[in-house]
Amino acid sequence: MKLGSGADSQTFIPIMSAPPNTSQSPSTDTSAGKEGAPKPSVPPSFRYFIEKGGQFTPEKDRYHLYVAKSCPWAGRAMITRLLKGLESFVGLTIVTPYMTELGWAFKKADERRTDGVEDDPLYGSSHLRELYFKADPSYEGRFTVPVLWDKKTETIVNNESSEIIRIFNSAFNEFLPEDKASLDLYPEELRPDIDGVNEWVFSTVNGLLTYLFAGDFSRLIVPSASTAGVYKAGFATSQSAYEEAVRHLFASLDRLEGMLKDKAYLIGGRLTEADVRLFTTLVRFDPVYHGHFKCNIGSIRHDYPNLNQWMRRMYWLNPAFKDSTDFHHITTGYYGQKSNPTHIIPLGPLPPIEPL
């Protein structure tokens, strides 16, 4: 559905980041940027890589991934881990889909007894924040997911999803069977195209909030005023900021709709990280963003047939996408925050994703 110029829409330049945490609890900063737009954020703190000859070398069963299934940024890492067949190299633990007063919680601290939430198998922690302080006792940032943990040195390797998926894409290839090693989600010949699409999709669709629930919805510091997308629309504090964000969002959805006409993938006729990154936002669009974030000019299932077909093919034909998507955790995670004090979870849409 056309709301803007699509391919000619302005591209906003993001700062891929998570906002700071000046206390040991979710931020209470309620200030907003210019004309009610969300406030800027700063980079995550752990930005190391797994590589031969480096501080963190590729080894079997050395690393562990902590995720929340409600979080699209963690979803990227889960999908890539399965696509590359890294289950025996990188363990997985699922935290609560919602934030407690002390941040992401493990099963032992989950007062709501959410199905699928797991205990910390390494240290028996109550909350993810304990791992951040184990890695750095003086840590003052946010306690975000995903977290890629090194069991050998007992520290965080990386907590930036866009970098974790590239680590998974290539770091363990020498140990993998040919079908997994040959899968390259970031092929050199397509990198300029992938980077270009990632940039404007991140800016105007995904939103700039690199980690989904850095704090509770009502108090969240979110992307910069120059960034559109579902988060800028959802957290705008003025009518004008909201309208600007939502129009840029739907103009970008129009652009993506055109890109996927008669195509199975976004770039190069093959699965790339651009598909992975977009999927985790689109699969949440109708169940959450359409209503909760007031992004309701159109829905994926009713107004974007190419995007809907692409999303359904990813979900139903590739187990890595389906197995990494938990609609109960997604809706519970968003609607279970303090911005929804009753914690009533919408029943729809039904089904959460349509069959092929």
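Modeller: Before we start on the sheet of this predicted model, a definition: two strands pair if DSSP finds at least two bridges between them.

Colleague: How many bridges join E3 to E4, and do they run parallel or antiparallel?

Modeller: Strand E3, residues 147-150, is joined to E4 by 3 bridges, and the two strands run antiparallel.

Colleague: Which residue in E4 does Leu148 stand opposite?

Modeller: Leu148 has Asn158 of E4 opposite.

Colleague: What is the strand order of the open sheet?

Modeller: The 4 strands follow the order E2-E1-E3-E4, and the pairing is mixed. Strand E2 (90-94) and strand E4 (155-158) are the edge strands, each pairing on one side only. On average, neighbouring strands of this sheet are turned by 35° against each other, ignoring direction.

Colleague: Which strands does H1 lie across?

Modeller: Helix H1 lies across E1 (63-67) and E2, and runs at about 140° to E1.

Colleague: Turning to the largest nonpolar core, which residues touch the most other members?

Modeller: Those are Leu253, Leu256, Leu278, Phe279 and Leu307, out of 45 residues in that core. Helices that each supply at least two of its residues include H1 (72-83), H5 (191-206), H7 (239-259) and H10 (305-317). The largest share, 9 residues, comes from H8.

Colleague: What is Phe279 in contact with, leaving aside neighbours within four places in sequence?

Modeller: Phe279 is then in contact with Ile79, Trp310, Met311, Met314, Tyr315, Phe321 and Thr325.

Colleague: How many residues are in the other core?

Modeller: That core, which lies apart from the largest one, has 41 residues, including Val90, Tyr139, Val147 and Trp149.

Note on methods. Residues numbered from 1 in each chain as written. Predicted model: local features only at pLDDT ≥ 70, side-chain atom pairs only at ≥ 80, totals over all residues. Heavy atoms only, no water. Core = buried A, V, L, I, M, F, W, Y, C linked by side-chain atoms within 4.5 Å. Buried < 20%, exposed > 50% of the residue type's maximum accessible area, 1.4 Å probe, protein only. Contact = heavy atoms within 4.5 Å. Axes fitted to C-alpha atoms, helices over the stretch in contact; angles between N-to-C directions.
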